[in-house]
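I opened the notebook to record what I looked up, one topic per entry.

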Amino acid sequence: MERRNFIKSMCAASVVAAIATPSSLLAKDAAKGKNVLTYDAAVAAITGGKAATQSDKIKLTVPEIAENGAVVPVKVNVESPMTDADHVKAIHVLSTKNGNARCADVMLTPMNAKGYFATRIKLAGTQDVVALVELSDGSFLTTAKSVKVTIGGCG
Amino acid sequence: MEIDRRDFLQIAASLGLLGAVGGTNLFAGEAGKERIKKLSFSNVVDFEAKGKATILHICDMHAHIKPLYWREPSTLISAKNLVGTPGFICGEAFQKHYNIQPGTLDAYFDTHNDFSELAKKFGKMGGIAHMKPIIDHVKKERGAKNVLLLDSGDTWQGTAVALKTAGEAIVDAQNYLGVDVMVGHWEFTYGKERVHELIGKLDGEFISQNVIDNDPFSDDFEELIFPPYSIKEIGGAKIGIIGQSFPFTSTANPKKFTEGWSFGLRHESLQEYVNMLRKEKKVDCIVVLSHDGFSVDQELAKKVTGVDFILSGHTHDPSPDPIIVNDTVILISGSHGKYVGRLDIDIKNKKVVDYNFKLMPVASNLIPADKAGVDLVEKWYKPYNKELNEVLGTTKGLLYKRDTFYSTFDSLIGMAIEDEMKSDINFNPGYRWGTTVLPGGDILKDNVYEMTAITYPEVYTFDLKGEVIFNLMEDIADNVFNANPLLQQGGDMSRVTGASYSITISAPSGKRISDFMIGGKPIDMKKTYRVSSWGGNLQNVGENLDEKIIRPVYEVVSDYIRKNKVVDISMESNVKVLDMDCGCPVKGAKC
C-alpha cells in the first residue's frame, strides 16, 4: 500500500492554504463580498506577469463531473527529478470562475522527493481547474481541465 | 395468443424462415403449428458459432423477472454531432440503419413503430423463464464450461417485487440464470450495507475498478470497494473481465446511499488494469463489463487501448451490430430482459482473431417457459399478488415510458401529482426504465410500481424561484444534450407537468430553452412557484418543504387512477424542439 501511505504522508505534511469560496450550484453571483480574486489577477500575483508554458509534464487529475461541487478532488503530479538543481518549487491550484480563483498553494523542496500534491477544492459551477507550477529555475508550467458541476438527476 | 396461419407465416417471414425451409405448406395444419414453434425457437437462437469461447450478455433488466411489453423510443434527440449515430437512433431511422423490415419481430423488439398492433401478434417480451432456455441452449451447444453470463447492471431495481424484497428476489433470479459477473448502478440505491449483503447472496461476482473509498479519515481511503476484475477460463482461453459501474451514481442518485464511496470514469486506472492483466496475468482477451452508457463507452474506447470488447449498459440501446472504435468492439444488449446477447470469441495465439455477435430476442410466445423459472417468479410474487394484481383502472391509449421529453405514462404520473399536490409545476425524472400498457388495457398496481419502484419514492412539494427553475432546466438539458458524451449522464430530460417550453438542442449550454410557460403564462424569474418533484435532488435546493403531504409516488398515482377509472392521455408533447423536425432524426439532423 505504498501509494496510500504516500498520500497519507502528503496530507500530514501538507501546507495547504485552501481558500474557502462560498459556492452554490445555482448562485451565479457567488462571492461578491470581500473574498474576491479573479483568475487573471491570481495568475499575475503568482507569476509576477511571467508567461506560463502549457506542459504535459503536469498530470492534472480531476473528475469529468464533480460528485459534489463542495469537495472536488484535485491531484497534481509533476514530472521532475526533484534535485537541488531541478525541482518543483511550488504547485498552485486555481479555478477560472470561482469568486476567489486561488484555491491552494503548496511550496515544495527536493526533500519532498516528488512533485506531487492532492487536495479538495470547492467549485461554484462548471469551470476549468488549473494547475500552475513554478520550477526551481523560476519558470512556470501550466495545464487545465474542465470540471462539470451539476445537480444531476437522471438514471 | 391465438396464432392463425397468416400470423405464422408472418412470424416465419420475419425470422427469415421461409427461405430456410422452403415452401409455405410446411406451416399448414396442427403439425405446422408445432413445427413453427420449434423453428421459431431455433431461429431465435440460430447463430454462426466462432472459436470455443462464448460470452452471453444481459444489461438493464430492471428487475423484470416476468415478461412485459416494452416500447422503444419514438423520440430520441441528441446533440447535433451525435444525431443518427448508434445510441441515438430510433424508429424508421433505426430500421433503415440496421436493415430491419417493418412489421417483423425485430421491428417489434427494436423500434416503436406499429407497437400496439405488433404486440398483439408477438406478445410479451423477456422474463427469466424465457431467457433461461436460450442460455441453456447455448451452454448445451458450447459446453457449459465454455460459456460465461455477464450482467452490465441495473438488474436489482425496477419492479415491486424487487423493492419489497430489497433486491433479494432478483439476486435469486440471477442465480437461476447463472450470472457469473456483474457491475452496478441502481443496485447502489439499496444502500452500501444492503449492496454487500446482496453480493453475499449472489453466486456470481460483483466487480468495479471505478468505485473507491472517499473518506479521508478511513483506513481504506482511496482503496477499492469491490474487486476490480475477474479472470475466467473459457474455451481454453484466459479472459480478463474489468468492471465499470455507473460513473455518475453520486450525482444521478441520492448521495446518502453511497456516502463515503467515490465513483467516476477513472479511465486512467482502467488502462493500468488492462496493461497489468495483459503483462502480468497473461490474459488472452480483455473484456470491460460496463455500465457507462453506450456513447460514453464509445468515447472510452478512444482513451483506453488494449480492450478487446466492451459489454456496455445503462442507456438501454438494443444494438444489433457491434460498434468498433480503435480496435475495441462495443456491444450493448437492450433492456428489460428483452434480449440475450451472444458473443462468440475465437482466440488463437493469445489473440482475438474472430468473433460473432447476435442479440437474441426473448420473445415469450416463441420460447417455451422453463418451469423452474415460472416457479421462481411465482414464489417471490405470491406474498404480494393481492396488492399487485389490483386493477386500478384502464387506459384508452398507449401508456409508455422513454422518449426524450414526454411520454404518456410520465404525463399520467405528472397529472396525478398535480391533482393531489396542487403545485404550479411538477418534475418527473427522465429515467429510461418502466413499462408499457397497451390501448384499452388494465392498469395494475404492479404497472405503477414498474414506473416508480425506487427506494426514495417520496413526492416533495416546496418553493423555487422562477430563475432557479429555469437554470435547473438548462442544467438538466446540458446533461442530456452535451456534445461531449463524457459529460452526458445517459438519461432523458426530466418531464415537466403544468409547464411547456421550446428547446434549441444545438444552442450553447445555458441558452437552449426558450418560451418557458408555467400555467399558461411566461415564467417570471423573480416569482416563487410551488413545485412538486420525486426521484431527484430538486428538493435540496427548494424552500418551505411541506413535510405533511409527502407520500410515495406509487400511492399518489394509484389513487388518481382509482379515482378516474379510465385515463386518456394525450400523445402530444409539451416540449417543442426548434432545430429538429422529427423524433427519430437521421444523420445530418434530417428526418
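I began with terms: two strands pair if DSSP finds at least two bridges between them. Helices (H or I, at least four residues) and strands (E, at least two) are DSSP runs, numbered from the N terminus.

I noted that this is a predicted model, in which local features need pLDDT of at least 70 and side-chain atom pairs count only at pLDDT 80 or more, while totals for chains, interfaces and linings use all residues. Residues are numbered from 1 along each chain as its sequence is written, and chains are lettered from A and ligands numbered from 1 in the order in which they are written.

Entry on the sheet. I looked up strand β3 (residues 181–182) of chain B and found two bridges to β4(B), with the two strands running parallel. B:V181 has B:E205 of β4(B) opposite. Both strands belong to an open sheet of six strands in chain B, with mixed pairing and the order β4-β3-β2-β1-β13-β14. At the edges are β4 (205–206) and β14 (351–361) of chain B; each has a single partner strand, so one side of each has no neighbour in the sheet.

Entry on a hairpin. I found β6 (residues 229–234) and β7 (residues 237–244) of chain B running antiparallel, joined by six bridges. B:I234 is opposite B:A237 in β7(B). Two residues lie between the strands of this hairpin, and B:G235 takes a positive phi near 55°.

Entry on a helix. Which residues of α17(B) are buried? I used this cut-off: a residue is buried if 20 or more other C-beta atoms lie within 10 Å of its own, exposed if 12 or fewer, and partly exposed in between, with C-beta atoms placed from the backbone. For α17 (residues 445–452) of chain B, the count is eight of eight. The buried residues are B:K445, B:D446, B:N447, B:V448, B:Y449, B:E450, B:M451 and B:T452. They pack against several elements of chain B, including α16 (408–421) and α19 (553–564).

Entry on the cores. A nonpolar core is a set of buried Ala, Val, Leu, Ile, Met, Phe, Trp, Tyr and Cys residues joined through C-beta atoms within 7 Å. The largest has 175 residues, and B:V287 and B:V557 have the most contacts inside it. A second, separate core of 35 residues includes B:I425 and B:V468.

Entry on the two chains. I counted residues as in contact if their C-beta atoms, placed from the backbone, lie within 7 Å. On that basis, 16 residues of chain A are in contact with 32 residues of chain B.

Terms used
Two residues are in contact if their C-beta atoms, placed from the backbone, lie within 7 Å.
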